[in-house]
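Below is a short report on one structure.

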Amino acid sequence: MLLLLAGATAAWAAWTLVRFIRADADLTLLAKRAPPPGAWQGKVVWIVGASQGLGEALARYWAAGGTRLVLSSRSLEKLQAVKEVCCQYVPEDHVVLLPVDLVGNSDALEEAAEAAFAAFEGAGVDYLVHNAGASQHAAVEDTSTDVAAALLRLNLQGPLALARAALPLMVQQRRGQHVVVASMSAVVPSPAQAAYAAAKSGLRGYFASLSSELSDRNVGATVCCPGPLATGLDGKTRIVYGSSGLISQPNTGMSKKKVSAERCAELIARAAYHRLDECWIANHPVLLLGYLMQYAPWLGMLVLKKVGPARARALRAGKSGYDISALMQDQGGDS
Ligand SMILES: NC(=O)c1ccc[n+]([C@@H]2O[C@H](COP(=O)([O-])OP(=O)(O)OC[C@H]3O[C@@H](n4cnc5c(N)ncnc54)[C@H](OP(=O)(O)O)[C@@H]3O)[C@@H](O)[C@H]2O)c1
């Protein structure tokens with residue numbers, strides 16, 4: 001009997017190890033079933049930051065599922081192009097465009113929330129996707145306080161203000177799930193992205209707290225933490241915070257190590273469907289570092305202190321900061 005138990009345990013451990021080695025997301029998320037056909041019919045999803053990159057992939061995913069969409073970002077022209085893609089799957093009246101500037105004043109955000117919840121005659125909004133944001137490519141010592149404040153305004157204060165604007169409407173309709181696109185930098189310390197990591201960690205804390213506070217009113221949040229994504233390969237420029245403000249991000253390649261925007265969109269939707277509190281979407285080694293930081297933070301920090309200075313140097317030189325083997329071989333010195 002004992003031998004049988006030991007055999008079963010060894011088989012389970014081996015199976016879990018294989019799953020982990022092949023994983024591109026945390027094992028809790030990967031254990032969940034993909035939403036069944038028809039799961040999204042009749043739902044309304046409001047995506048803020050829908051005009052390109054991951055936001056566009058999310059819009060396409062939900063449109064293919066028959067969802068009604070409200071698409072927001074600052075550029076109506078870019079949203080129009082995304083709507084055309086969505087209308088390959090759904091009728092034109094299933095997609096409403098609603099320009100929003102996340103760093104605009106709070107009255108404008110309240111008006112936008114009213115408009116989004118009223119977009120489909122009494123249907124409200126089932127999922128509010130906080131996807132707008134901009135990453136960072138600058139070491140702490142090169143980043144002025146003003147640049148860090150502007151980054152925090154877009155990546156942290158913006159989603160908080162939007163969530164606050166939508167809250168009375170969600171409570172009134174007695175349902176609503178925030179789908180928050182944070183980052184693995186909220187889990188794994190990110191050299192050359194310190195202010196960005198602070199913003200995304202702030203989202204993680206805020207929306208987990210909101211979820212706990214409003215669970216009796218059927219309002220919750222799924223905080224999604226993607227690692228490096230292969231966005232920007234479609235020729236659309238990604239804007240990130242450099243040392244002196246917003247800059248175009250060079251395409252650093254390494255797309256094989258990055259999760260595709262389409263796969264990330266599918267996994268985010270799966271996490272939202274199951275109302276998971278949090279999910280991680282990343283290939284190794286970022287996924288492994290996430291587990292290390294969660295279960296053996298001292299070991300995670302040991303690795304990150306080894307690669308951190310090299311990663312900051314690589315990003316300063318406009319190279320990829322994700323080639324861990326190259327970073328481990330880095331001998332130091334500024335480039
Ligand atoms: N790419 C990655 O490797 C990666 C990894 C982890 C997490 N993420 C997160 O995933 C999200 C999307 O990333 P991405 O790579 O797809 O970025 P992206 O291609 O640069 O797209 C950013 C989106 O945010 C919108 N946006 C920017 N500023 C805005 C503002 N003030 N108000 C409203 N909308 C605004 C942009 O639209 P407009 O210009 O039209 O306003 C665009 O739709 C971000 O939150 C990012 O932090 C990305």
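Which backbone nitrogen does a side-chain oxygen of asparagine 105 reach at the start of α5? That of aspartate 107, to within 3.1 Å. The model discussed here is predicted.

## Helix α5

Helix α5 covers residues 106–117, twelve in total. From first C-alpha to last, α5 reaches 17 Å. That is close to the 16 Å expected at 1.5 Å a residue.

Five named residues of α5 are buried: Leu109, Ala112, Ala113, Ala116 and Phe117. Viewed down the helix axis, the buried residues of α5 fall within an arc of 125 degrees, so they line one face of the helix. What do they pack against? The partners are β1, β2 (68–72) and α6 (145–173).

## Aromatic pairs

The structure contains ten aromatic pairs. One of them joins phenylalanine 20 and tyrosine 291. Their geometry is edge-to-face, with 5.1 Å centre to centre and 85 degrees between the planes. Phenylalanine 20 sits in helix α1 (residues 2–22) and tyrosine 291 in helix α9 (residues 286–295), so the pair ties together parts 271 residues apart in sequence. Is phenylalanine 20 buried or exposed? Phenylalanine 20 is buried, at a relative accessible area of 17%; the cut-off for buried is under 20%.

Tryptophan 40 and tryptophan 62 also form an edge-to-face pair. Here the values are 5.5 Å centre to centre and 90 degrees between the planes. This pair links distant parts of the chain, 22 residues apart. Tryptophan 40 lies in the loop between α2 (27–30) and β1 (44–48). Tryptophan 62 belongs to helix α3 (residues 53–64). Both tryptophan 40 and tryptophan 62 are buried. They are also part of one aromatic cluster, formed by Trp40, Tyr61, Trp62, Tyr127 and Tyr273.

## Ligand surroundings

How many residues surround the ligand? There are 28. The closest are Ser51, Gln52, Leu54, Arg74 and Tyr196.

A backbone N or O atom of leucine 102 lies 2.8 Å from a ligand nitrogen atom. For glycine 49, a backbone N or O atom lies 3.4 Å from a ligand oxygen atom. Arginine 238 uses its side chain: an N or O atom there is 2.8 Å from an oxygen atom of the ligand.

Terms used:
Residues numbered from 1 in each chain as written. Predicted model: local features only at pLDDT ≥ 70, side-chain atom pairs only at ≥ 80, totals over all residues. Heavy atoms only, no water. Phe/Tyr/Trp six-rings, centres within 6.5 Å; stacked < 30°, edge-to-face > 60°. Helix = DSSP H or I, 4+ residues; strand = E, 2+ residues; numbered from the N terminus. Buried < 20%, exposed > 50% of the residue type's maximum accessible area, 1.4 Å probe, protein only. Expected span 1.5 Å × (residues − 1). Arc of directions from axis to C-beta. Contact = heavy atoms within 4.5 Å. Polar contact = N/O pair within 3.5 Å; in protein donor to acceptor, adjacent residues only side chain to side chain. Near = heavy atom within 4 Å.
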